[in-house]
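Trainee: I am new to this structure. Please take one part of the surface and look at it closely, then lead me on from there.

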Amino acid sequence: MSSFGFGLMTAAVLAIATVGFTMQFAVTNVLNLAYGSIMINSAFVAYYANAHGVTAWASLPFGVATGAAASWALNRFVFTPFQRRNPAPITVVIVALGVDLIGTFGLQAIVGGSYVSYHQSQGHEYHIVGMFLSGLQLIILAICAVVLVTIHWLLRYTRLGKAMRATSANPNLARNSGVKTQFIISTTWLISGALCGLAGVVFAMNTGVFEATSAQLYIVLLLAAMFLGGPGEPYGAMFGALVIGLSTEISAAYVNPQYKEVIAFVALLGMLTFRPYGIFGSEKTL
Amino acid sequence: MSAELSTQGLVLTATGLSAGYDRRAIVSAIDVQASPGKVVSIVGPNGSGKSTLLKSLVGVVRVLDGHVTVGDVDTTNMASEEIAKIGIGYVPQVEDVFPPLSVKENLEIGGYLLARREIPDRIEAVLEFFPRLKGMMTRKAGKLSGGERKMLAMGRVLMLSPSVLVLDEPTANLAPMVATQLLEEYIRGFADHGSTVLLVEQRAKAALRISDWTYVLGGGRIVLSGAPRDLEQNPAFVESFLGGGAAPPPSSD
Ligand SMILES: Nc1ncnc2c1ncn2[C@@H]1O[C@H](COP(=O)(O)OP(=O)(O)OP(=O)(O)O)[C@@H](O)[C@H]1O
Ligand SMILES: [Mg+2]
C-alpha cells in the first residue's frame, strides 16, 4: 500500500507536468523535449529563493515564473525562428533535444553536481484509506486537483481556452474567424510553461532531494503519459499520468526502482505500436 | 431569410493578381471583381487554381503580384485575422469547421470578434437560418454529416454578418436538392439582401442560374468571363462545362 501512496504522488506531479506538455504540443505543434530541463531549472530557481530565506511555498511562484518565462523565450527565440524556415519535424525535435542538454548540463555547470533539498517540513502524517500521507503530500495533491480543474475550466468555458482549442484544431480557419493565433500560441507557451515550472517545483518537493540531472529521464514518463491518453487530450493526460505514475511506482516496489523509466518506456512503445492516438484520442483533439 | 445575417456589401477587387505556394505562382494575371447585391461565380476544371485564388483573397495564400482591395482598403497580403475584421466571411472547400469543438463552440469562434453579450443573439439568428443545427449544439463538429457540416461552416461565417461572402464549393458532397436550396435560396438570398457573394462552384449549370457574372479559370488564368446568358451562348464554354448536362463529380481538393 505504501507503493500505492508513492504512485499516487508520482501520478499527481506527472499529471500537472503532462497537462502542460500535451497542451503545448497540441496548440503550438512543437514537441518540446526540453520540458524536463525547464522543470529542473525552475526547481532550482525556487531552491535559491528558498535558500535566501523565502519559505518553500512562497518560493513556488518563482519556479512558476521561471517555467513560464523560459518556455516563452524558448519559443520566441529558438522554435519560432526555426519554424519560419518550414523545417522537417525531425529538425525541431533535434533542436529541442539540444536545448534540453544545454539546459540540464548548463545548470549542472552552474550549481554543481551535489544534491540539494528545500527547507521545508514534511508536515503532520495522516493515515488515509490505508496510505500514510504527509501534510506536504496532501498539499501537492490539492495543487494537482486545483490545476486540473482550472485547466478544464480554461479550455471549456473561457474565450481564450476555446481559441486555443480552435487554433489547435485548424489554425487557418481560426485566423479566418479573427483569432490572432500568434498571440494565442505565445499565451499557450506562457501557461504551459507555468505548469512546467510548477511541476518542476512539486517534483523536487516530492522527491525530497534533487540535483541538476534529476529530471533528465522525466521526458520518458511525460511522453508515455501523453501518448497513453492521446496527444493533445488534457483529460487523457490526467488518465495517462495516473496509469504511468501508479504502474511505475508499484512495479518499482517489486522489481528494481532503477527500472521506472524502462517500464514507462515499454508502455510508450506499446502505445505507439497499438494505439498511436491513445486510449481515447482520435488524432489531435484538444 | 433574416436580413440581419448579412450586411450591406463591399466591392472586392483583384487586379493583376498572381498567387501561389512557395513563391511559385499557381494563378496569375487575375482581374476579378465582386460587388454588393451580386453573386459572382468562378468555374473551372479541377486543379485550375480556383481555391488558390480564393485563398489569396482572404490572406491564406501569399499574393506574389498585383493587388486586392475591399471597399477602399488595400488588403493585399493582410493577415487573415485582419481581413476577417473588415467583414469578409470565408468558407474553405475543405477543413471548414473545427472538428473537436462542439457545434456551439464552432459558432462561438465564428463570433470571436463580437462582444461577449452579442454572441447568444447571433447564435439564435444563425439557428433560425439553419434550424437543422438546433438539435445538435453539443455534438462535436467532426461527428456531423457532410451536409450538416457545410451548414455549420456557413453558420460560422454568418456569426459576424459578413459584408462579403467568399465560398469555395459550398455544395460539394451535398445531395442535389440540398445543394439547389443552398444556392438558390440562401446564397442568392444574401446577395439579394445587399451582400457581396464570390462563389467557386463545380456545378456550372447551377452556378450560372444564380450568378450575375461568371469567370472561367483555366490553367491559373481567367480564360473567359461574362454574364451567364452570354456564356450559355458560347460554344466553347457549353462544350467544356455544360456538355451532357451532368454536373462534374464534386472534387475533394
Ligand atoms: N498547399 C499547396 N502547396 C502546393 N501546391 C498546391 C497547394 N494546394 C494546391 N496546390 C496546387 O495548386 C494547383 C491548383 O490547386 P487548387 O486547389 O487551387 O485547384 P482548384 O481549382 O480549387 O481545384 P478543385 O476543383 O479540385 O478544388 C494544383 O496543381 C495543386 O496541386
Ligand atoms: Mg478547389
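Mentor: Start with a nonpolar surface patch of about 550 Å². Patches are made of residues with over 30% relative accessible area and no salt bridge; like charges are joined within 9 Å, and nonpolar side chains (Val, Leu, Ile, Met, Phe, Trp, Tyr) within 5 Å. Accessible areas come from the Shrake-Rupley method with a 1.4 Å probe, and for residues only the protein chains shown count as cover. A salt bridge is a side-chain nitrogen of Lys or Arg within 4 Å of a carboxyl oxygen of Asp or Glu.

A word on the model. It is predicted: local features need pLDDT of at least 70, side-chain atom pairs count only at pLDDT 80 or more, and totals for chains, interfaces and linings use all residues. Residues are numbered from 1 along each chain as its sequence is written, chains are lettered from A and ligands numbered from 1 in the order in which they are written, and side-chain values use heavy atoms, with hydrogens and water left out.

A:Y254 belongs to helix α10 of chain A, residues 234–254. Helices (H or I, at least four residues) and strands (E, at least two) are DSSP runs, numbered from the N terminus. A:Y254 counts as exposed, because its relative accessibility is 71%. The cut-offs are under 20% relative accessible area for buried, over 50% for exposed, and partly exposed in between (1.4 Å probe, protein chains only).

Now the cysteines. The count is zero disulfides over all chains, a disulfide being a pair of cysteine sulfur atoms within 2.5 Å. A:C196 is buried at 0% relative accessible area. A:C144 is buried at 8% relative accessibility.

Next, the two chains. In contact are 25 residues of chain B and 22 residues of chain A, where contact means heavy atoms within 4.5 Å. Chain B and chain A bury about 2000 Å² between them, 56% of it from carbon and sulfur atoms. Buried area is the accessible area (1.4 Å probe) that two parts lose on being put together, summed over both. Three salt bridges link chain B and chain A. A:K180 forms a salt bridge with B:E82, with the closest N and O atoms 3.9 Å apart.
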